[in-house]
Amino acid sequence: MKSQTGGQTRLDVITVGRCSVDLYGQQIGSRLEDVTSFAKSVGGCPSNIAIGTARLGLRSGLITRVGDEQMGRYVKEQMGREGVALDGMTTDPTRLTSLVLLSVENDKTFPLIFYRDNCADSALNEADVDEAFVRSAASVLVTGTHFATPHTDAAQRKAMRIARANGGKVILDIDYRPNLWGLAGHGAGEERYIKSDKVSEHIKTILPDCDLIVGTEEEVHIAAGTEDTLDALRIIRSLSGAVIVLKRGPMGCVVYPGAIPDALDKGIVGKGFPIEVYNVLGAGDSFMSGFLRGWLRGEDHAMSATWANACGAFAVSRLLCSPEIPTWEELQFFLKHGSPHKALRKDEAINHVHWATTRRPQSDQLLALAIDHRMQLEDMADKAGAPRERLNHFKRLAIAAIAKVSEGKPGYGTLLDDIYGREAMFDAAKLGLWVGRPLEKPGSRPLRFEFTQDVGARLAEWPVTHTIKCLSFYHPDDPKELKKEQSQKLRTLYEAARKVGRELLIEIIAGKHGTLDNDTIARALEEHYALGIKPDWWKLEPQASAKAWENISAVIAKNDPWCRGVMLLGLEAPEAELARGFEAVAPHRIVKGFAVGRTIFNQAAQDWLAGRISDEAATNDMAERFGNLVRLWNEARSA
């Protein structure tokens, strides 16, 4: 985008103001007093909008403060993952990041507590507003609540002055929270309107310098000082030539670019989307993100309003705030296909697009040492006369081997189990490795889960960065009842993975129970896709022909263009055979890497468990073998 002065801008919009960690009660229909668990996300009106606009394809930044503690670091890390510019985020050395607690009691009651006593973002001041950073954006967005104290008011007005002096647009989200203006008690966070002449007169001083003003009917009332909506709009128009957008909840919105008409619905009305109300909080921020995607990119007001209404519909139909704002791909999918569900959170097709376009970014290549084996290593320990408990330490040596090869670079990982891999998982976390964890009972056919069949309860305890791995010995020519039992088990796992927000890797091995031809694995994948199973990763055995990989690639592209890709498994093949396999998949970009185990660790495990080599020798042996496979992979890709 270009500013009005003709200069090229790095960002489309910078938002200014509140930034919190939101903790939303997960027991729907419960009083806040009775909530027992919470979902965590980034919150605060301008922070939500910074994330929402970034998701919708705008280049956004944020000016705020967070604490020098774990919640502050979480906010900055999440903003970075979302693509928000962090230049304007100041770390406050003495104050804590603000918190918000909320529950959904019913479709009209949302108890809300702000923990904002001397918090970091409330200390924002003029010194935090860097002129060069503001000049880098085509617009700044300020919010009504941060005009409530003198120093935050001064900070926002400074950002407005810089923007206007450099041809940038000024956007006002009225964002009225009475208790943050000192008009209600701590327990009245849900209250959205209390009449105040003092607040109205203050907001009126802001309106003349704005190019876009957005608010609900209650927010328009407080901005103008009257509770007649048409009169309020006319008062705002007398003070400002800004485009005014009136949010009307389930009735959508109306845009007034010029004179205020004699009826509310005589402005420009965008298409509405009737949906079930689940949680209204955050809907306005999602709405604003959608409107800005159009307005800042030169779309007409009707189109901007339609996108805003659609984005608001997504937020209203889901629980949280910023995590629920749609991405550009998701918004376009919804506008093209619609939904049979008024509760959009129940639409599986849309949910998949949302998940796939908002999950944490990963390296485009994944090279893993698989050390999740249980039975094979137990057999080795038993034959060597070594206690099985020693396998815990051996797996830590395998992680040390990965560290020698990866040297801190991204794109490396491991497969580790819960029985012998607990300490190794801690080591892997310190190294920043990708971690996949098996759920299947080793060797089970039909598929059974290890420890418990209630995988949802088990997965809730896993770190969000861990990927579920499940091996299914599945052949498309298996008996019908066996296929049905196995695929239903995977469908249950898929649903649990999506419910708890964990990525899923499904490993299919067909060659042990039938022949492999050019379409065997492609048929197996197609049968799983037909059941709505869309894992983030597939892990597949080497194929006999290029045609087989072409068929696999085509099936994945047709059914899930957002699939992260395929990892190649080793099946204890010798290094030379794996090298040929790497060469065979090199032209097929859907194959992103490998997860090989016994080819790397077999000899070291046997010698170490028998006491023939030291920890250092075992680590070096595995590192050499793993490093050789990495080199062969990279050479095949380069060729």
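Helix α7 (residues 229-239) lies across β10 (212-216), β11 (243-247) and β12 (253-256), at about 155° to β11. The model is predicted: local features need pLDDT of at least 70 and side-chain atom pairs pLDDT 80 or more, while totals for chains, interfaces and linings use all residues. Residues are numbered from 1 along each chain as its sequence is written, and side-chain values use heavy atoms, without hydrogens and water.

**Sheet**
- Nine strands form an open, mixed sheet in the order β5-β4-β1-β8-β9-β10-β11-β12-β13.
- β5 (89-92) and β13 (268-269) are the edge strands; each has a single partner, so one side of each lacks a neighbour in the sheet.
- Strands β8 (residues 139-143) and β9 (residues 169-173) run parallel and are joined by five bridges.
- V140 has V170 in β9 as its bridge partner.
- Helix α4 (residues 150-165) packs on the sheet, touching β1 (13-16), β8 and β9, and its direction makes about 155° with that of β8.

**Second largest pocket**
- This pocket holds about 1,200 Å³ of space.
- Its lining has 50 residues, and the closest to the centre are T216, G249, V280, A283 and G284.
- The lining divides into 22 nonpolar, 12 polar and 16 charged residues.
- α9 gives the most to the lining, with five residues.

**Terms**
- Helices (H or I, at least four residues) and strands (E, at least two) are DSSP runs numbered from the N terminus.
- Strands pair if DSSP finds at least two bridges between them.
- Contact means heavy atoms within 4.5 Å.
- Axes are lines fitted to C-alpha atoms, for helices over the stretch in contact, with angles from 0 to 180 degrees between N-to-C directions.
- A pocket is an open set of points on a 1 Å grid over the protein atoms alone, where a 1.4 Å probe fits, with protein on both sides within 12 Å along at least five of seven lines; lining residues have an atom within 4 Å of a point.
- Volume is the space filled by probe spheres set on the points, which are joined across faces, edges and corners.
- Ala, Val, Leu, Ile, Met, Phe, Trp, Tyr, Cys and Pro count as nonpolar, Asp, Glu, Lys and Arg as charged, and the others, Gly among them, as polar.
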